[in-house]
Amino acid sequence: KALLHASHMYHSANHDMKKWGITADNVKIDVGTMMKKKDVAVTGLTKGIEGLFKKNGVTYVKGHGKISGKHEITVETLDGKQEKIIAKNIVIATGSEPTPLPFLPFDEERIVSSTGALALKEVPKKMFIIGAGVIGLEMGSVWSRLGTEVVVVEFLDRITPFLDAEVGKNFQKVLEKQGMKFMLGTKVVGAEKSANGGVTLSVEPAKGGEKQVLSADVMLVSIGRKPYTDNLGLETVGVKKDERGRIVVDEHLSTGVEGIWGIGDVITGPMLAHKAEEEGIAV
């Protein structure tokens, strides 16, 4: 949100103020300072959560946890030690992670997820966004306002397919007015890092047709997120997953295994923070 606000202010200074007879000369972006401001916001929020833990008597163990038995978790802590925790109830709330292209993994520099898109060291001249969902469009609008030529590539013939069609259509007009470009009904058939430091993208019409080869400085892959349910020891106690890797729960958010519950992005439903929060309250 700090980056979103900064990009909006910069865009306003360069464009909207002229309508009112105000000219702002030499408006520039200092990406390093902007990122520091973002980091301060993130640190403040996360430290605030840690403060609430202490205030409410919550023990915070930093490391990778796995279910190692009934009512038991084994944590490999950040200093490499093993720590066992016994609990009457275990809530699995490990969230989700970005889905990469099958033929090109993230490096978070040129091939970025939303995480890498929030930490670029300079404003790219040109950026591809693969996928016209809400995360990609939000990140794209940030960098577009900061001066990047943004091209969105989407397999379907519309953006934000989970929104009302009319809302999506008008939203696209707003983004196009900002300068974003759209290649709808377009399939990505290949991508690679180019020798000059950028990215080469191969696309073709989703319904079939001639292939195009395009180039940009950065490619943001935003084709969805997947539940983080691997390497959690679920099989140790028989917690089941569905065909998409989500933990199977009933209407009370129980996995069916005594004392083990699932909430948030690891179960079915919208991957939204306030949904996960309410599920946590319910548990």
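**Salt bridges in a predicted model**

Lys-84 counts as exposed, at 59% relative accessibility. The structure described here is a predicted model. Side chains of opposite charge can pair when their charged atoms come close. In this model the count comes to eight salt bridges, and three of them are presented below, including the one that Lys-84 forms with Glu-72.

**Lys-84 and Glu-72**
- The side chains of Lys-84 and Glu-72 form a salt bridge with an N to O distance of 3.8 Å.
- This pair links distant parts of the chain, as Lys-84 belongs to strand β3 (residues 82-86) and Glu-72 to strand β2 (residues 72-77), twelve residues apart.
- Lys-84 is exposed, whereas Glu-72 is buried because its relative accessible area of 17% is under 20%.

**Lys-193 and Asp-107**
- A salt bridge joins Lys-193 to Asp-107, with the closest N and O atoms 2.7 Å apart.
- The two residues connect distant parts of the chain: Lys-193 is in strand β10 (residues 186-193), and Asp-107 is in the loop between β5 (96-98) and β6 (111-112), 86 residues apart.
- Lys-193 is partly exposed, with a relative accessible area of 37%, and Asp-107 also counts as partly exposed, at 24% relative accessibility.

**Lys-38 and Asp-39**
- Lys-38 and Asp-39 form a salt bridge in which the closest N and O atoms are 3.2 Å apart.
- Lys-38 is buried, with a relative accessible area of 15%, while Asp-39 is partly exposed, at 38% relative accessibility.

How values were computed: Residues are numbered from 1 along each chain as its sequence is written. This is a predicted model: local features need pLDDT of at least 70, side-chain atom pairs count only at pLDDT 80 or more; totals for chains, interfaces and linings use all residues. Side-chain values use heavy atoms; hydrogens and water are left out. A salt bridge is a side-chain nitrogen of Lys or Arg within 4 Å of a carboxyl oxygen of Asp or Glu. Buried means under 20% relative accessible area, exposed over 50%, partly exposed in between (1.4 Å probe, protein chains only). Helices (H or I, at least four residues) and strands (E, at least two) are DSSP runs, numbered from the N terminus.
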